[in-house]
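Visitor: I am new to this structure and would like to learn how to read it. Could you show me around, starting with the ligand?

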Amino acid sequence: MKVAKAARFLFALAAKLDRRRLIGAMLIMLAGYSAAPLAALSLAVFADDLIGRRGQAALAAALLAAAFLVIQLMGGHFSHLCSGRLYEHQLAALNIELIEIVGRPPGIEHLDDPEFADQIDLIRNSLFGTAQALESLFSLTGLALQTAITISILIRIDPWLAFMPAFAVPAMLLGKHAQTISETARLRCAEGIRLNRHFVVLATSISTAKELRLFGAEAEILRRQETLWDGVTNRMWRAQAAAAALRSLGQLIFTLGAAGTVLLTVRLAQERQMTIGSLLLVIILLIQVNAQMAMALTQLSVLQAAGGTAERITRLRRVCRARTAVATRRTATITSPLAGGITLDDVSFAYPGSSELVLDRVSLDMPAGHTIALVGENGAGKSTLAKLLCGLYSPTSGKILIDGVDLADVAPDEWRAQVAAMFQDFARLEFVTRETIGLGELPLLSDERAIARAVSRARADKVVAHIPGGLDGVVGHNYKQGADLSGGQWQILALARCLMREHPLLLVLDEPAAALDATAEHELFERYACSAKCAAVQLGGVTVLITHRFSTVLMADRIAVLERGRIREYGSHQRLIADNALYAELYRLQEQAHRS
Ligand SMILES: Nc1ncnc2c1ncn2[C@@H]1O[C@H](COP(=O)(O)OP(=O)(O)O)[C@@H](O)[C@H]1O
Ligand SMILES: [Mg+2]
């Protein structure tokens, strides 16, 4: 059961984080909850003593009732204070756990799995609620104790009265069913709600305004949004109406039960088997029970949602642990410098959840110290190949060999530390600029000179000068003072970050076109090719560059032409021109375009 799962998960987490605070919060909460029926009991005694003209006893009962009322009011308050800190600890721990689940497995295949991504999304959106559910758990335990005390008081007045809380059970069950109906409707409408949000964003964002205005498409978007929203609200409204009907039925049953209970107590009072105080007590407890059940229902639904999250976290923990365990068995090492180079041996690859081969039996020999250019149409698989080389994905079949060592046997961290890459979908890391760049090589994060060198190599000086505060200024929308950068400027920072690692065994540059104009790209590679050649003697690093510019491609030692996941041609520029096939044709086309 989800509630039990949530209880176990939350208690275990809280006990691990701060056992003393957990016990403290729990005890205070229990005291607060049990005080309510005891206050009612003291009031009843007070009433009877007052009627019986027992002054002293009446005063004592009144004081006791007042004390219980104070405990009831303060219990919630202090327990909340206590559990507030626990909540913060829990939230921090859950955030860390989520980051670990995403970050610890060696590759990033799990992130491509739509189901994994969905689960992560669901967890991320419900972390606050889950951490808060600990308080619901306290409340629910308190309510259970309160009900037990209430029943034991009622049994003493008349055994039949002990059934009174049972009248709340149908109300609870129907209420729960009503909740399921609302939630199912919300879930079914989730896509509609998401799409609606998308339409609203489309219609109100600066990034889409240019095109929409030009096409005159605003009215069309509005029409679609209205139709969609009508459908969503209709469905939601029908569900809400059904849920309200069920809740009313539950309340009706409880009211009938309560009326019966009142009648029974009035009769008992008339037959003088019951004092006025007891009559008062039954009525107060009746009111309390109704409120308790409504509260229990709310807390149960909070816990149920938390149970779902707990279940997801536990499942993903297992996935993460299994993947990490596989990685820890990888113990082969790679020695620098590279002697032979990197070899792709019959590598095929399909993205997780897809059967389509994005790379189809690719074999490539990339000798140490060489620069390899990858060319091919969009979607040919160039970026995918780059990600595989970095060890972010594992081949579906075939091997990637680094100096003859299978990358699948190498500890992922070990290989990653030797790789520098600028991906086509580079990250926009919003930090202080020197960190945005320096993160490319953590040990050099505060090395002024290394950062200056990376800035110079990536020709990022202009971008840095544009940022108020330069290297000490912050970049991105998340800061009030954060510099607004264009896509190209972000890419230049990404390039500088990539170049922080000065002598990697593998350097990957995936279409740095926006960051670099043709001359700058040419120059960078010229310098790079030169330094790679020099470094080849020392380190034997391999450079893989993906570009559409043939002026740069020309400089590579070897060129691989990819077509729909297969290597069509591989060799030096001269050889491929001499072969007079696809590469030669593409090259001539670009040359003609340049001349005209
Ligand atoms: N994360 C992904 N999940 C599923 N398919 C992907 C993913 N990334 C790329 N693809 C698919 O893989 C194919 C090759 O993409 P990519 O390697 O980016 O090509 P290129 O870099 O040559 O333009 C494309 O058909 C693309 O749709
Ligand atoms: Mg690409």
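Guide: Gladly! A residue is near a molecule if its C-beta atom, placed from the backbone, lies within 6 Å of it. By that rule, the residues around ligand 1 include Asp 112, Tyr 351, Gly 379, Lys 382 and Thr 384. This is a predicted model, where local features need pLDDT of at least 70, side-chain atom pairs count only at pLDDT 80 or more, and totals for chains, interfaces and linings use all residues. Residues are numbered from 1 along each chain as its sequence is written, while chains are lettered from A and ligands numbered from 1 in the order in which they are written.

Visitor: Which helix gives the most to the shell around ligand 1?

Guide: Helices are DSSP runs of H or I with at least four residues, strands are runs of E with at least two, and both are numbered from the N terminus. Here helix H10 (residues 382-389) gives the most, with 3 residues.

Visitor: What is the order of the strands in the open sheet?

Guide: Two strands pair if DSSP finds at least two bridges between them. The 6 strands follow the order E6-E7-E8-E3-E9-E10, with mixed pairing. Strands E6 (419-422) and E10 (566-571) are the edges, each pairing on one side only. E6 runs parallel to strand E7 (residues 506-510), joined by 4 bridges, and Ala 420 stands opposite Leu 507 in E7.

Visitor: How is the chain divided into domains?

Guide: Domain bounds come from an automatic or database domain assignment. Here they give domain 1 (2-327), domain 2 (334-418 + 506-596) and domain 3 (427-503). The centres of domain 1 and domain 2, taken over C-alpha atoms, are 56 Å apart.
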